[in-house]
Every structure is written in C-alpha cells, then in structure tokens.
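Open the model in your viewer and keep the selection panel at hand.

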Amino acid sequence: MNSRYTYSEILNLDFNSYSSLNVSENRNHLLGIFRLLTGTVNCLDEYLSKTYKFRTNYFQFPFQPDQRLNKSILLNQFENEVELSDLNDYFRVERRNKLFYEIIECELLNCLIANKQQNYSLAFLYLYRIIEGISYSLPLIYASKSKDYNKSFELFQKLFNGVKDGELGIFKKFIEEIYKNEDFFNSTINIKLDLIEIEELKEKYYKIYTSIIIKKDTIIDFTEYEELKISFLGYFEFLIGIRNKYFHFLQGIKKDNIRTMDVLYPEMFFKPIIDNGINWVSIILFEIMKNDLK
C-alpha cells in the first residue's frame, strides 16, 4: 500500500494466532486484494482524511453487497478443508510476483473508491486497467504452479495458436480453456437497467449495450429495456467493446463509436456495468488464488 492509503482491521479474529491475516499490519499486497474483494476492510485516505468502508463480497458469484461482517467470509468460497490457519500461512509469504500484485492492488482500490463515489466512468477506466494488467500475467502465474510441464506446454500452444488480438486474446482463450467446466463460466451476468434512474434512458442504453455485443449468442436472455443476461465470457468481450467504442474516438476510422451526445449521462451509462465487471475480475483472481493455495 502506498503512503496515501492505510487499511484498518475490522474483523474480530485472534490475531495472536492469525497475525498474517491482520490487514493493518501485514503489507502483503495479495492480502490487500483479498480483503478488498471479500468486503472485509476499511481504508483511510490520508490526504483527504476520509474513510471508505468496503462491504461487498465480489468473490461471491453473483456478488453480495452490504454483507454483515463475519470471519467466515474469509473461508466461504474455499473448499471445506481450507482453514484460517491455511490462509494465515498463505499470506505470511510474500508472493514472488510482488510488483504485479502491488500494481493490481492500487488499481483495484482506486476502482472501488471511484465506484463508491458514484464516479462510474472513472471506475470503468480503472477496471479496464486491471483487466489489461492481469491479461498476460495470470496465465503465466497459473502455468508456473503446474507440476506437469508437458501440460503447461500444451496449454500455451493452445493459447498462442492463431490469436490475433494480443494479450487480451490470449487471456480470453485462457479463461475459456481452463474454466469452461466451472459453474461460474456457464452462468450469466445480469445487467439490470433499473439502476438507470431516468426512465427515458433505459431504452437508449439498452440499444447501445446490445449494439456493442457482436456475437448475439452472447446474450443468453433479456427483458427488453429492463435486464440483459450475458454469458460469462461474453461479458469480458462486452467490457472490451465498451472501452473500444467509448474511449476510442478517431472519427475517420471508426464510425460506430459511442458518442457522449448519445449517452447524455456517462455516469448513469456506466453504473449498471461496474459491479458486474469487478465481480468478473474477482472470480478469475480468486481462481488463481485457489490454484496458488494448493
């Protein structure tokens, strides 16, 4: 954590026994990510003297907002044999990829703070930076934990074969190859348009959202102008599409960009997207943690 932000511990744990889980004392960046995404930490902005309380569990799928604090939250997503002592041992060791996790922690914290401040377009920017930040590193971290180097070689052959979209294309292939049989991969992410306060904008945003989705089989179900149900992998493509069409604005090359004059209220446009996007990233990060913990 940098000098601007400090964590304060809020869980009632026996920190004599589990000192490495104490987020106010342990500077392990992976622990910071874990506690932010389980929604079990407060964070003080030293410059503004403002405290942010994070209570949304993004490791749950779908995410659980405004949860009651309980130490069991730390274990709920793990398999039954994982105990607090295992997590304590895990977070006692600084990861070899220290700089990687430090960068992701900083981007994540800024994303969560922007989301709390209802600055949803800025939150999206940080969210996308996280996606780009993990897109190349996570497949490498996953493969480095494999004890079967032949399987790792086969995996990378598949990932790099015929990929034209760079690191994001490799990351998409990685997600599909490794997690295609997981429950979350075969579930939907639901964009709820009732989060849009201005009724007349629901239809407008619905049409913009659906226009971004190139593969129409990505939309699993919908209630017109109320809710879009998108496949897990399709949501990744959806986020990339929004970034390309909203934040890129070369008029001579792309004619189908999202114009601010069409959106009218950018914060409202991004609002239904952010929590789902953080949830998506969190699920992948948690899967890497579980694999690492083994």
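What percentage of the 294 residues in the protein is made up of buried residues? Buried residues make up 49%, where buried means under 20% relative accessible area, exposed over 50% and partly exposed in between, with a 1.4 Å probe and protein chains only. This is a predicted model, in which local features need pLDDT of at least 70 and side-chain atom pairs count only at pLDDT 80 or more, while totals for chains, interfaces and linings use all residues. Residues are numbered from 1 along each chain as its sequence is written, and side-chain values use heavy atoms, without hydrogens and water.

Start with everything selected. The C-alpha atoms fill a box of roughly 60 × 50 × 35 Å along the principal axes. Colour by secondary structure next: the protein has 11 helices and 6 strands, taken as DSSP runs numbered from the N terminus (helices H or I, at least four residues; strands E, at least two).

Now select residues 266–293, which form helix 11. From first C-alpha to last, its 28 residues reach 40 Å, close to the 40 Å expected (1.5 Å times one less than the number of residues). Of these 28 residues, 21 are buried, so helix 11 is mostly covered. Centre on Pro-272 to see a kink of about 35°; the bend is the angle between axes fitted to the seven residues ending at a residue and the seven starting there.

Last, select the cysteines. The whole structure has 0 disulfides, a disulfide being a pair of cysteine sulfur atoms within 2.5 Å. For Cys-43, the nearest cysteine sulfur is that of Cys-106, 10 Å away. Cys-43 counts as buried because its relative accessibility is 0%, whereas Cys-106, at 33%, counts as partly exposed.
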